[in-house]
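The sequence and the coordinates come first.

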Amino acid sequence: MELSGARVLVAGATGVIGHGITRELTARGARTALAGRDAARLVTVADATGPDTPRRVFDAYDLDGCAALAPWAAERLGGLDAVVCAVGAVAFGPADTLLDAHAEHLVTVNLLAPAALLRAALPLLPEGGAVLALTGVVATSPQPGMADYSASKAALAAWLTAARAEQRRRRVRVVEARLGHLDTGLVDRAVAGTPPPLPPGGDPDRAVAAVADALTGDAELVRPAPGGPGCVLQRRAR
Ligand SMILES: NC(=O)c1ccc[n+]([C@@H]2O[C@H](COP(=O)([O-])OP(=O)(O)OC[C@H]3O[C@@H](n4cnc5c(N)ncnc54)[C@H](OP(=O)(O)O)[C@@H]3O)[C@@H](O)[C@H]2O)c1
């Protein structure tokens with residue numbers, strides 16, 4: 001996909017990575033429609049992107065609202081070439097202490113909402129289009145103190161894997177950005193618990209650039225570069 005002129009919906013555009021992706025896509029010539037939970041921050045991000053940037057408030061708990069985002073963006077942009085889902089929440093604590101309500105929150109925000117969004121988006125995308133969602137290395141390497149966060153990201157990764165196989169014949173790419181720990185402050189916004197000791201987070205800007213690169217090429221997976229900073233793109237997700 002050529003990013004210049006591409007029509008892209010970014011959900012979670014008010015987050016650190018979502019805003020970064022929005023900036024990067026705009027710099028590369030894409031036209032974006034932005035969705036976020038925080039109405040005031042969404043106005044700030046959209047105004048910084050361009051005065052006519054379509055914006056829409058949604059909450060992950062409203063799955064019908066999530067499903068409505070892609071048709072709305074397609075209508076506002078005159079079509080849709082790609083969708084990026086940068087929504088997510090984390091909670092910390094041993095598996096035998098996390099409240100069910102917090103586990104439900106993580107599954108809703110990290111799995112059900114992205115699935116509802118992408119499910120409705122996929123039929124709207126043309127050949128050569130792409131959807132991309134952010135999981136995390138915990139999807140394949142679950143961490144102590146993050147059982148439910150890891151499980152919710154693993155579930156999203158599984159959903160993407162199955163959808164990817166379904167979409168190959170349509171030539172619509174389903175991309176997973178399985179990012180490592182980044183310095184975005186996400187851990188300080190946990191819905192419950194305090195983070196375990198973590199190494200310094202990586203540079204979000206490198207991840208953002210890799211996500212934009214992944215939309216342009218034929219990658220199915222973005223993952224941390226082994227033993228170094230930044231990310232690598234992998235053509236076949238494994
Ligand atoms: N930072 C990392 O180390 C890291 C590593 C791997 C993967 N990831 C993933 O990357 C994604 C973005 O994370 P980030 O670091 O950029 O953190 P962030 O700044 O906190 O972004 C999280 C985004 O999710 C949105 N969100 C949370 N709950 C929501 C809800 N109920 N309804 C609608 N939107 C909701 C937030 O909206 P508000 O702006 O309204 O809060 C925000 O836009 C997440 O999926 C995260 O799991 C992050």
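Which residues are buried in H5?

## Basis

The model is predicted: local features need pLDDT of at least 70, side-chain atom pairs count only at pLDDT 80 or more, and totals for chains, interfaces and linings use all residues. Residues are numbered from 1 along each chain as its sequence is written, and side-chain values use heavy atoms, with hydrogens and water left out.

## Helix H5

The buried residues of H5 are Tyr 149, Ser 150, Ser 152, Lys 153, Leu 156, Ala 157, Leu 160, Ala 163, Arg 164 and Gln 167. Buried means under 20% relative accessible area, exposed over 50%, and partly exposed in between (1.4 Å probe, protein chains only). Seen down the axis of H5, the buried residues fall within an arc of 165 degrees, so they line one face of the helix; the arc is that of the directions from the helix axis to the C-beta atoms. Helices (H or I, at least four residues) and strands (E, at least two) are DSSP runs, numbered from the N terminus.

The cover over these buried residues includes helix H4 (100-121), strand S5 (130-134) and strand S6 (173-177). H5 lies across S5 and S6 and runs at about 160 degrees to S6. Axes are lines fitted to C-alpha atoms, for helices over the stretch in contact, and angles run from 0 to 180 degrees between N-to-C directions. Contact means heavy atoms within 4.5 Å.

## The sheet

Eight strands form an open sheet of mixed pairing, in the order S3-S2-S1-S4-S5-S6-S7-S8. Its edge strands, S3 (55-57) and S8 (231-234), each pair on one side only. Two strands pair if DSSP finds at least two bridges between them. S7 (residues 221-224) and S8 are antiparallel and share four bridges; Val 222 has Leu 233 in S8 as its bridge partner.

## Two buried loop residues

Glu 220 sits in the loop between helix H6 (204-216) and S7. Its relative accessibility is 5%, so Glu 220 counts as buried. The Glu 220 side chain makes a polar contact with the side chain of Arg 236 at 2.7 Å. A polar contact is a pair of N or O atoms within 3.5 Å; within protein, one must be able to donate a hydrogen and the other to accept it, and residues adjacent in sequence count only if both atoms are side-chain atoms.

Val 90 is in the loop between strand S4 (82-85) and H4, and is buried at a relative accessible area of 3%. Leaving aside neighbours within four places in sequence, residues in contact with Val 90 include Leu 106, Tyr 149 and Leu 186.
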